[in-house]
Amino acid sequence: MKHREELKLKFHQIEDQRNQFAQTLDDEKNNHPLIQQITQWERISIEKIRQTAEEQRNLVQQYVQTIEVKLHSFTEEIQKTVKKKDFNEIILKKLQIELEDLKNQLYQTDYIQIKQDSSSTFINKLFINITPTTTNLKWKQQATTIAGGYGYGGQFHTPFGIDVDDQQQTIYVADFENHGIIKWKFGERNGEVVAGENGEGDRIDQLNLPYDVILDQNKKSLIICDNGNRRVVRWSLENQNDRQILIKDISCFGLMMNNKGDLFVSDYERNEVKRWKKDEKQGTIVAGGNGKGDKLNQLNRPGFIFVDREDSIYVSDRDNHRVMKWLKGAKEGIIVAGGQGEGNSLKQLSAPQGLVVNENGDVYVADCCNHRVMCWPSDSKEGHVVVGGNGEGEESNQLRYPIGLVFDRANNLYVADRYNNRTQRFDVNTN
């Protein structure tokens, strides 16, 4: 009886805490600290605009005043002419020219004009970056094709890794068999080759079977896993001639960059993942590196990777049909999805590929040979189907060997549907 009363008391305490939090949540609608920061940014930006406008107005007014001084001198000259009654053609023509010049000085852009400095950063553009929160979300099962799949001129040849630029409403796709990276604006029927447009090869302006692509931190260049050339390269999005080999002699597959700009690369021949800090020559093994195998300190053909805020490494351990998590500095990994042999039950995976992990540690993985995307909640022994899982096919609710996987800021899910030669978007189901 006493224990029951204690439980009842705890329940009421939780209920009270819930009511208090509901009130806090209601108060924060207009008073959230970020809203206050946005208001402060608005005030400072408006003040900068006001000050700049006032300064430029003063310059224009000063300029007009100089014309007033000139007009005063012109008026005196007119008065002298009237007084002398000297109205010959030469003087009249001279006066007419002087008057027209004064008029021109007031309005014509040869004398004065307004310009806008596109390179100026005196006002910093503000935008809110919301880390994807995928907990308890569901997705519509009918996908929209946003890249490829439109027939000749719009097709891919086996798209692999993908990355999304939310601000530009653009997706970048590693077009494996066409040896290029395709930039595809949402809503358009054709993409643009932005890397590897010179065909298969090993020149600095060529690619060979690219597996993965990511945007760098500043979104000014692409980092590309140039697999066929055994290298990782950087291609500038601002300067077509700016290309650089970052890493040589590596059987790269997956790429990821953390918030410090460190680059993480999986090597499927050496069965390891390395971290490369800026300008580092050798790199540091952060997962695997103990030969091919299925022990907890080994990997077997690692593919796509994901790095969380604590620099824990998640690896699609393809031929072990599992996803491994390696804590920062760990000597062995933890199985977080699969690991029950190859199969299609909810406890199994078959050649897992693309990988995203949310803030709660829930693992989203492209279960390639099962033609589905799975979610394995943190600490769960089995997953559930997120999208696909309706057999191999080309319908909008089907996939055919999905490989690349990424979320946008609104939590819509993008899947590189490999052998359907298309990239699919599954929108969040808000119902």
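Which residues are linked in a network of salt bridges? Here is a friendly walk to the answer.

1. This is a predicted model, in which local features need pLDDT of at least 70, side-chain atom pairs count only at pLDDT 80 or more, and totals for chains, interfaces and linings use all residues. Residues are numbered from 1 along each chain as its sequence is written, and side-chain values use heavy atoms, leaving out hydrogens and water.

2. The network links R230, D249, D267, E269 and R270. A salt bridge here is a side-chain nitrogen of Lys or Arg within 4 Å of a carboxyl oxygen of Asp or Glu. The count by this rule is 18 salt bridges.

3. Look at R230 and D249, whose closest N and O atoms are 2.9 Å apart. R230 sits in the loop between strand 7 (221-226) and strand 8 (231-236), and D249 in the loop between strand 9 (243-248) and strand 10 (252-257), so the pair ties together parts that are 19 residues apart in sequence. Strands are DSSP runs (E, at least two residues) and helices are too (H or I, at least four), numbered from the N terminus.

4. R270 pairs with D267 at 2.7 Å between the closest N and O atoms. D267 is buried, with a relative accessible area of 2%, while R270 is partly exposed at 36%. Buried means under 20% relative accessible area, exposed over 50%, and partly exposed in between (1.4 Å probe, protein chains only).

5. Now find helix 2, which has 52 residues. Its buried residues are S45, Y63, I67, F74 and T81. Just after helix 2, K85 takes a positive phi of about 55°.

Technical notes: Expected span 1.5 Å × (residues − 1).
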